[in-house]
Each structure stands twice: as C-alpha cells, then as structure tokens.
Amino acid sequence: MKSKRLGVMVSAFALSGLMAVALPPGAMAPEFKGVDSNGVTHSLSEYRGKYVVLEWANQGCPYEQKHYLSGNMESLQKEWTSKGVVWLSIISSAPGEQGYVTPAQENDYLKTMKASPTAALLDPKGAIGHLYDARTTPHMFVIDPAGKIVYQGALDDKPSADPSSLKGADNYVSDALSAAMAGKPVAVAVTRPYGCSVKY
C-alpha cells in the first residue's frame with residue numbers, strides 16, 4: 001500500500017514538474033483587482049458564488065486571432081455568460097509591446113469583433129498576469145463559486161494558429177464548465193497552454 005501511494009505521489013510530482021503549474025487545480029485563485037476598458041474596477045472576490053473564466057488576450061497574436069476572427073471566442077463568451085458565468089478577458093501586454101491597447105482601442109476591438117466578455121481588464125504592468133503565472137495568449141482559467149481553480153491551460157486540444165484546426169477540437173474550457181456546473185469532476189483539469197508568450 002505504501003509503495004502504491006508513493007508511486008501515485010511520484011506520478012503526481014512528475015506531472016506537476018512537466019506542466020510546471022504554479023496554481024494547480026484545487027488551489028484558491030489569488031485575489032486581484034483590475035480596471036477594465038470602461039474605467040470600472042473589478043475584483044475576483046466580488047464574483048464569489050459564481051463561476052469565473054479568465055482569458056489572457058492579445059489582439060496581435062495569431063493564436064488569439066484564430067479564435068476571434070473565426071468567432072469561436074465570441075461564441076464561447078456569449079454561451080457561458082448567458083448561463084451566469086463571469087468572463088474576464090485580461091490584457092497583460094506592456095506599453096510598447098504587441099497587444100498593448102488603450103481603453104478606447106480595446107472597446108473598438110470588442111465592438112468590431114462583437115465580443116461579449118463580462119469585462120476586459122487592462123493589466124499593462126502585468127500584476128494580474130504574474131499573479132497567475134499567465135504564459136500565453138490565450139491562457140485560460142476556470143474558477144468555481146468557492147474561489148478554487150478547477151481548470152487552467154489551453155482553450156482546446158489543437159495547438160495551432162490555423163482556423164481550420166477548430167473543426168473537431170475539444171474545448172477544455174467548455175468541458176470544465178459543463179462538468180463542474182453539473183456537479184461532476186473535471187476530467188482534464190490542467191493542460192499546457194499554447195499561443196504567443198504574454199508580452200510583459
């Protein structure tokens with residue numbers, strides 16, 4: 001029994017080492033405050049009791065463009081916010097780096113894309129990004145009503161910037177939300193995020 005338990009612990013350690021996950025599923029999501037593109041301050045704690053999705057975004061990233069120009073990300077935002085999920089897009093690009101935007105530029109983009117996150121938080125100093133060890137755009141987190149992370153990683157299982165890869169893709173975020181909201185365990189709770197590096 002001891003040997004079996006040790007084997008499980010070693011396997012878990014090896015997986016965590018492979019993924020190098022700073023905030024593993026089951027961990028409490030760090031509290032943060034951020035100002036959105038309309039000048040409104042949001043904090044994670046104000047959404048306690050609701051599911052929250054965090055989406056790291058960068059307009060100039062081809063991987064992000066795959067999801068937005070195809071309408072995939074907008075469709076996900078609309079679907080889940082209509083079910084009471086809070087969806088926060090977070091832009092951690094520093095001034096002068098790819099993806100940095102002013103509030104007006106972000107609002108124009110959201111309007112053009114017909115995107116509907118709950119809010120788009122501007123994080124030019126990277127405070128929220130570093131707090132969550134956000135690595136790519138997109139990098140996704142799903143937080144449950146108790147404030148615990150139930151999923152983090154890639155949006156789907158097709159690490160490509162080609163829009164055609166969306167066909168038949170398994171969307172990890174939708175899977176996690178569907179399972180958690182039905183009171184079931186999340187089958188795939190952590191994956192390696194793919195995309196452009198966050199431009200801190």
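By cavity I mean a set of points, on a 1 Å grid over the protein atoms alone, where a 1.4 Å probe fits but cannot get out, with lining residues having an atom within 4 Å of a point. Grid points are joined across faces, edges and corners, and the volume is the space filled by probe spheres set on those points.

Before going on, please keep in mind that this is a predicted model: local features need pLDDT of at least 70, side-chain atom pairs count only at pLDDT 80 or more, and totals for chains, interfaces and linings use all residues. Numbering runs from 1 along each chain as its sequence is written, and side-chain values use heavy atoms, with hydrogens and water left out.

Back to our cavity. Its lining is made by Leu 44, Tyr 47, Arg 48, Lys 50, Val 52, Ile 143, Asp 144 and Gly 147. Four of these lining residues are nonpolar, one is polar and three are charged. Here Ala, Val, Leu, Ile, Met, Phe, Trp, Tyr, Cys and Pro count as nonpolar, Asp, Glu, Lys and Arg as charged, and the others, Gly among them, as polar.

How many cavities of 30 Å³ or more does the structure hold? There are two. The largest has a volume of about 60 Å³, and its lining consists of Ala 57, Asn 58, Gln 59, Glu 64, Tyr 68, Ile 91, Glu 106, Tyr 109 and Leu 110. Helix 2 (62-69) and helix 4 (103-113) are the elements that each give two or more residues to that lining. Helix 4 has the largest share, with three residues. Helices (H or I, at least four residues) and strands (E, at least two) are DSSP runs, numbered from the N terminus. Sorted by type, this lining has five nonpolar, two polar and two charged residues.

After helix 2 comes Gly 71, with a positive phi, near 90 degrees.

Over in helix 3 we find Gln 77, which is buried at a relative accessible area of 0%. Beyond neighbours within four places in sequence, Gln 77 contacts Glu 55, Tyr 68, Trp 87, Ser 89, Ala 115, Ser 116 and Pro 117; contact means heavy atoms within 4.5 Å.

Now the cores. A nonpolar core is a set of buried Ala, Val, Leu, Ile, Met, Phe, Trp, Tyr and Cys residues joined through side-chain atoms within 4.5 Å. The largest one has 27 residues, and Val 53, Trp 87, Met 140, Val 142, Tyr 151, Val 173 and Leu 177 touch the most other members. Elements giving two or more residues to this core are helix 3, helix 4, strand 7 (140-143), strand 8 (149-153) and helix 6 (172-181). Which element gives the most? Helix 6 does, with six residues. Apart from this core lies another, of 20 residues, including Leu 54, Trp 56, Leu 121 and Phe 141.

Leu 121 sits in strand 5 (residues 119-122) and is buried, at 0% relative accessible area. Leu 121 and Leu 54 are 67 residues apart in sequence and 10.0 Å apart in space, C-alpha to C-alpha.

Last, the rings. Seven aromatic pairs occur in the structure; rings of Phe, Tyr and Trp (its six-membered ring) pair if their centres lie within 6.5 Å, with planes under 30 degrees apart stacked, over 60 edge-to-face and the rest tilted. Phe 32 and Tyr 132 make an edge-to-face pair, 5.9 Å centre to centre with 80 degrees between the planes. Phe 32 is in the loop between helix 1 (2-19) and strand 1 (33-36), and Tyr 132 in the loop between helix 5 (127-131) and strand 6, so this pair ties together parts 100 residues apart in sequence. Trp 56 and Tyr 132 form a tilted pair, because their centres are 5.9 Å apart and their planes at 40 degrees. Phe 32, Trp 56, Tyr 132 and Phe 141 are linked by ring pairs into a cluster.

Definitions and conventions: Buried < 20%, exposed > 50% of the residue type's maximum accessible area, 1.4 Å probe, protein only. 1 Å grid on protein atoms, 1.4 Å probe; cavity = no way out; pocket = protein on both sides within 12 Å on 5 of 7 lines; lining within 4 Å.
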